Number of protein chains: 4
Amino acid sequence: MKIIVFHGSTRVNGNTEYLTYQAVPKEKGTHIYLRDYNVRPIIDQRHDETGFAVIKDDLKGLIDQMLSHDVIVFSTPIYWYSMSGPMKIFIDRWSQILRDSSYTHFREELSKKKVYLVAVGGDTPTIKGLPLVQQFNYICQFYNMAFGGYVIGKASKPGEIMNDKAALKQAAMLIR
Amino acid sequence: MKIIVFHGSTRVNGNTEYLTYQAVPKEKGTHIYLRDYNVRPIIDQRHDETGFAVIKDDLKGLIDQMLSHDVIVFSTPIYWYSMSGPMKIFIDRWSQILRDSSYTHFREELSKKKVYLVAVGGDTPTIKGLPLVQQFNYICQFYNMAFGGYVIGKASKPGEIMNDKAALKQAAMLIR
Amino acid sequence: MKIIVFHGSTRVNGNTEYLTYQAVPKEKGTHIYLRDYNVRPIIDQRHDETGFAVIKDDLKGLIDQMLSHDVIVFSTPIYWYSMSGPMKIFIDRWSQILRDSSYTHFREELSKKKVYLVAVGGDTPTIKGLPLVQQFNYICQFYNMAFGGYVIGKASKPGEIMNDKAALKQAAMLIR
Amino acid sequence: MKIIVFHGSTRVNGNTEYLTYQAVPKEKGTHIYLRDYNVRPIIDQRHDETGFAVIKDDLKGLIDQMLSHDVIVFSTPIYWYSMSGPMKIFIDRWSQILRDSSYTHFREELSKKKVYLVAVGGDTPTIKGLPLVQQFNYICQFYNMAFGGYVIGKASKPGEIMNDKAALKQAAMLIR
């Protein structure tokens with residue numbers, strides 16, 4: 001079972017990363033820090049005559065990596081009650097991949113994946129983070145991916161996640 | 001009552017724009033198309049010793065415009081069950097404004113605003129768009145802004161929004 | 001197209017009823033006022049050796065009526081952010097019908113129905129009523145019923161629904 | 001810290017009870033099994049000239065017990081994606097208590113309580129049970145009660161909750 005983690009945090013060694021490592025230790029699985037890659041925001045050209053323009057960035061490399069693993073973990077700090085910008089930009093671009101003739105297998109391949117979510121927020125995240133969970137669930141439904149579970153941690157200042165013992169424990173039990 | 005609309009669509013004259021014009025006609029209010037502006041994704045430096053680095057882009061101009069209006073309409077296509085990337089990037093950066101010594105009035109000024117949401121999606125949006133509505137509600141709560149209401153339209157292909165008579169009617173009645 | 005409305009209100013001629021009549025006028029469709037019927041709360045005997053005890057109340061008559069219509073409208077005041085007790089009691093008992101040998105067709109028959117929801121609440125219902133909408137959507141999914149749409153009105157005191165012009169208009173357009 | 005648990009299950013020794021005992025062992029706290037009490041569904045007479053009719057049932061005894069504890073745990077099986085009928089009936093009647101001249105202290109007393117939720121469902125409860133969580137959160141907000149947290153377990157057949165190790169662990173850590 002090969003695990004890939006997409007880290008959406010824009011801060012190195014932040015609370016979200018720490019919590020995620022309880023679920024997938026650094027030395028296990030492939031850890032992708034989206035902040036280190038260049039992915040352009042989508043421009044919706046689904047209905048353009050010539051379709052999507054080719055964009056030279058790191059998207060396809062990331063997609064290829066994703067498809068070569070069995071389990072996908074999305075790890076994101078909760079920015080304004082939803083996923084971080086870098087993670088949103090990454091996922092938005094899947095719409096382009098869906099129309100890319102080199103990726104006709106994209107949807108079917110994803111349907112074999114199992115997905116987990118790790119999210120950390122500062123403002124009552126176990127309540128206000130629930131819409132985010134529901135959105136990831138809808139994404140999984142769209143691609144027919146199994147949504148294996150999620151952990152929501154509470155933290156704001158550096159290191160604060162250490163106090164959320166319940167979340168740390170949950171993370172450690174997340175992927176079985 | 002001065003109205004500003006932030007359009008999050010990346011497609012010109014799309015369904016979301018059309019629906020939004022039922023609520024705020026082009027000639028009424030200030031229409032900002034985020035796709036025409038350069039706003040960089042946030043890098044979370046809240047906890048850096050020196051705070052946020054100065055970023056030269058269009059953010060502050062947009063913020064100033066927002067603050068000079070009474071009513072804010074967020075208009076976004078539903079991309080993967082949440083707001084579009086450009087809108088997310090814009091809102092994420094508010095975290096930086098909150099720490100900017102030139103914007104100590106930011107939070108208080110926003111608390112005087114009334115907010116509306118117009119969203120359009122293709123995949124059962126009146127259900128799967130509800131987490132997005134809840135997230136905007138949480139954003140409003142954070143800033144103590146009044147959330148005046150929302151309209152969710154169903155459309156995917158260009159022009160399809162014309163068929164969602166209920167949403168068109170709702171949009172026309174949205175802002176009173 | 002035969003329409004049946006289940007009214008969950010415990011007050012005659014309340015706001016929820018008024019709003020519902022905009023969608024389904026009194027003289028159109030079959031109007032069932034659950035408060036006028038005797039339906040016992042479920043006792044979960046799914047796992048008892050002898051199964052559910054026979055209960056002499058009005059449940060089966062209501063179920064038969066429901067199955068003989070094409071469209072089902074659930075009309076409920078929002079009590080503590082979810083459906084009213086009488087409506088909950090009615091729906092809870094469907095679990096018993098599912099195990100009743102006289103109703104082996106129950107689930108399949110329901111899968112042919114189209115469902116609408118009308119709900120009225122006093123405390124920011126267009127936000128705080130959304131979990132209720134999501135729950136009805138899940139019920140529809142379980143039975144593979146089409147969820148045709150919903151209207152949420154705001155009212156508390158008698159007659160107050162008259163002020164919610166947007167909801168009244170939406171209700172009038174709900175069933176097409 | 002005195003803890004009271006309201007059990008909404010209609011089955012003795014079911015999965016929900018088992019999970020709840022991990023959070024509050026039988027010998028700790030006061031355990032109320034709502035199925036053993038007679039509580040009538042509310043009839044909304046808030047707007048009647050003479051107000052609510054006096055109802056002779058067990059409601060006030062339960063309310064008095066609730067008010068004499070510091071922590072309230074609501075334990076409910078998920079019936080059709082929301083709380084069980086008996087629990088709904090109990091909470092609906094709080095509207096009557098709010099208007100009862102013997103309970104003018106009701107709202108203020110509740111504002112001192114801390115609330116937890118334990119819920120168990122069979123159909124992807126960690127997703128489809130989230131609206132229920134949001135509803136309890138709104139109830140807590142209304143009364144200004146602190147919502148301390150929740151656990152959602154997955155189980156349907158008797159004993160199945162034993163397999164949900166993560167929920168059992170979470171329950172054991174719920175109340176600190």
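Trainee: Why is B:K88 called buried?

Mentor: This is a predicted model, by the way. B:K88 has a relative accessible area of 2%, and buried means under 20%. The value is under the cut-off, so B:K88 counts as buried.

Trainee: Where is B:K88 found, and what is B:K88 in contact with, leaving aside its neighbours within four places in sequence?

Mentor: Look in helix α3 of chain B. With those neighbours left aside, B:K88 is in contact with A:Y79, A:S82, A:M83, A:S84, A:G85, A:K88 and B:M83.

Trainee: What lies 3.0 Å from a polar atom of the side chain of B:K88?

Mentor: That's the backbone oxygen of A:Y79.

Trainee: Okay, on to chain B and chain A as a whole. How many residues are in contact, and what area is buried between the chains?

Mentor: On chain B, 38 residues are in contact with 38 residues of chain A. The area buried between them is about 3,200 Å², and carbon and sulfur atoms give 62% of that.

Trainee: Why give an area for an interface?

Mentor: The accessible area lost when the parts come together is often how the size of an interface is given.

Trainee: What makes B:D44 and A:R11 a salt bridge?

Mentor: Their closest N and O atoms are 3.2 Å apart. The cut-off is within 4 Å, so B:D44 and A:R11 form a salt bridge. Across the interface of chain B and chain A, the rule finds two salt bridges. There are also 19 residue pairs in polar contact between these chains, counting pairs with both residues at pLDDT 80 or more.

Trainee: Which elements give two or more residues to the side of chain B that touches chain A?

Mentor: Those are α3 (85-92), α4 (94-97), α6 (125-128) and α7 (130-143) of chain B. The most comes from α7(B), with nine residues. The residues on that side of chain B divide into 19 nonpolar, ten polar and nine charged.

Trainee: Now the rings. What makes B:F142 and B:Y143 an edge-to-face pair?

Mentor: Two values settle that. The rings are 4.8 Å centre to centre, and a pair needs centres within 6.5 Å. The angle between the planes is 75 degrees, and over 60 counts as edge-to-face. So the pair is edge-to-face.

Trainee: And why are the rings of D:W80 and D:Y81 called edge-to-face?

Mentor: Their centres are 6.3 Å apart and their planes are at 75 degrees, so that pair is edge-to-face too. Both D:W80 and D:Y81 are buried. Over all chains, the count comes to 56 aromatic pairs.

Trainee: What about B:W80: buried or exposed?

Mentor: Buried, because its relative accessibility is 9% and the cut-off is under 20%. B:W80 sits in the loop between β3 (71-77) and α3 of chain B, and has a positive phi of about 50 degrees although it is not a glycine. B:W80 also belongs to one aromatic cluster whose members include B:Y81, A:F6, A:W94 and A:Y143.

Trainee: Why is B:N144 called exposed?

Mentor: Its relative accessible area is 57%, and exposed means over 50%, so B:N144 counts as exposed. B:N144 is in the loop between α7 and β5 (146-154) of chain B. B:N144 has a positive phi of about 60 degrees, although it is not a glycine.

Methods
Residues numbered from 1 in each chain as written. Chains lettered and ligands numbered in written order. Predicted model: local features only at pLDDT ≥ 70, side-chain atom pairs only at ≥ 80, totals over all residues. Heavy atoms only, no water. Contact = heavy atoms within 4.5 Å. Buried area = accessible area lost by both parts, 1.4 Å probe. Salt bridge = Lys/Arg side-chain N within 4 Å of Asp/Glu carboxyl O. Polar contact = N/O pair within 3.5 Å; in protein donor to acceptor, adjacent residues only side chain to side chain. Helix = DSSP H or I, 4+ residues; strand = E, 2+ residues; numbered from the N terminus. Nonpolar A, V, L, I, M, F, W, Y, C, P; charged D, E, K, R; others polar. Buried < 20%, exposed > 50% of the residue type's maximum accessible area, 1.4 Å probe, protein only. Phe/Tyr/Trp six-rings, centres within 6.5 Å; stacked < 30°, edge-to-face > 60°.
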